[in-house]
Amino acid sequence: MKNWQHRVQYYETDQMQIVHHSNYIRWFEEARTYLMDEMGFSYFQMEAEGIIVPVLSASAEYKSMVRFGETVEIEAKITEFTGVKLIIHYEVRDVDTKEIRALGETKHAFLDMEIYRPLSLKRKHKHIFELFNQMMEKE
């Protein structure tokens with residue numbers, strides 16, 4: 001599966017033309033959305049089935065600076081899936097040198113959109129559960 005690529009924009013940088021740390025979390029979201037689209041089950045489709053997937057936590061570890069004008073690729077990989085919870089790991093790399101610029105992780109839960117309560121994909125949405133399991137097997 002192809003990784004998400006992002007060219008750094010000027011507004012994402014600080015006075016030193018280094019990417020502000022908060023932008024990495026946005027890039028994680030871009031890569032996660034791309035991953036879901038590539039899996040064949042977009043956020044639009046998930047919400048159409050009454051499911052939302054909020055972020056429970058997000059973390060980032062910065063390895064080296066990213067500057068204005070550079071392009072990075074963000075690999076998003078599912079590292080844990082229970083049918084109720086989901087963990088995604090991210091690697092941000094320079095597109096040219098492949099140097100790792102940051103590592104990150106987000107944790108998510110699957111909720112019923114109407115009542116905002118956890119839901120088991122295995123019980124209520126078997127086809128989505130199988131799709132995530134297939135993705136885990138590919139990793």
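## Terms and model

Buried means under 20% relative accessible area, exposed means over 50%, and partly exposed lies in between, with a 1.4 Å probe and protein chains only. Helices (DSSP H or I, at least four residues) and strands (DSSP E, at least two) are numbered from the N terminus.

This is a predicted model: local features need pLDDT of at least 70, side-chain atom pairs count only at pLDDT 80 or more, and totals for chains, interfaces and linings use all residues. Residues are numbered from 1 along each chain as its sequence is written, and side-chain values use heavy atoms, with hydrogens and water left out.

## Overall layout

The protein chain holds 4 helices and 8 strands. From the N terminus on, the order is β-α-α-β-β-β-β-β-β-β-α-α. Its C-alpha atoms fill a box of roughly 50 × 30 × 20 Å along the principal axes.

Of the 139 residues in the protein chain, 40% are buried. Contact means heavy atoms within 4.5 Å. Among contacts between residues at least 6 apart in sequence, 64% join residues at least 24 apart.

## The largest core

A nonpolar core is a set of buried Ala, Val, Leu, Ile, Met, Phe, Trp, Tyr and Cys residues joined through side-chain atoms within 4.5 Å. The largest one has 31 residues. Which of them touch the most other members? They are Trp27, Met46, Ile78, Phe110, Leu121 and Phe132. Helix H1 (22–39), strand S4 (71–81), strand S5 (85–94) and helix H4 (126–138) each supply at least two core residues. H1 gives the most, with 7 residues.

Trp27 has contacts well along the sequence list. Leaving aside neighbours within four places in sequence, Trp27 is in contact with His6, Val8, Glu12, Val19, Val66, Val72, Ile74 and Val92.

H4 has 13 residues. From first C-alpha to last, H4 reaches 19 Å, close to the 18 Å expected at 1.5 Å a residue. That expected span is 1.5 Å times one less than the number of residues.

The buried residues of H4 are Ile128, Phe129, Phe132 and Met135. They lie on the same side of H4, because they cover an arc of only 125 degrees around the axis. The arc is taken over the directions from the helix axis to the C-beta atoms. An α-helix has 3.6 residues a turn, so residues three or four places apart point the same way. The face of H4 turned away from the buried side carries the exposed residues Lys126, Glu137 and Lys138.

## What packs on H4

The cover over the buried residues of H4 includes H1, helix H2 (43–48), strand S2 (51–52), S4, S5 and helix H3 (121–124). At the H1 contact, Leu35, Met36 and Met39 in H1 meet Leu131, Phe132 and Met135 in H4.

The axes of H1 and H4 come within 11 Å and cross at roughly 105 degrees. H1 is therefore roughly perpendicular to H4. Axes are lines fitted to C-alpha atoms, for helices over the stretch in contact, and angles run from 0 to 180 degrees between N-to-C directions. Angles under 35 degrees count as roughly parallel, over 145 as roughly antiparallel, 65 to 115 as roughly perpendicular, and the rest as oblique.

## Positive phi in two loops

Most residues other than glycine have a negative phi, and most peptide bonds are trans. Gln17 has a positive phi of about 65 degrees although it is not a glycine. Gln17 sits in the loop between strand S1 (4–7) and H1. Gln17 is partly exposed, at a relative accessible area of 37%.

Lys98, also not a glycine, has a positive phi of about 65 degrees. Its loop runs between S5 and strand S6 (100–109). Lys98 is partly exposed, at 44% relative accessibility.

## Beyond neighbours within four places in sequence, Lys107 is in contact with Pro54, Val55, Leu56, Ser57, Leu86 and Ile87. Lys107 and Glu61 are 46 residues apart in sequence and 15 Å apart in space, C-alpha to C-alpha.

Glu47 lies in H2 and is partly exposed, at 38% relative accessibility. Leaving aside neighbours within four places in sequence, Glu47 is in contact with Ile52 and Met113. Glu91 is found in S5 and is partly exposed, at 22% relative accessibility. Not counting residues up to four places away in sequence, Glu91 touches Glu73, Ile74, Glu75, Ile100, Ala102 and Leu103. The C-alpha atoms of Glu91 and Tyr24, 67 residues apart along the chain, are separated by 10 Å.
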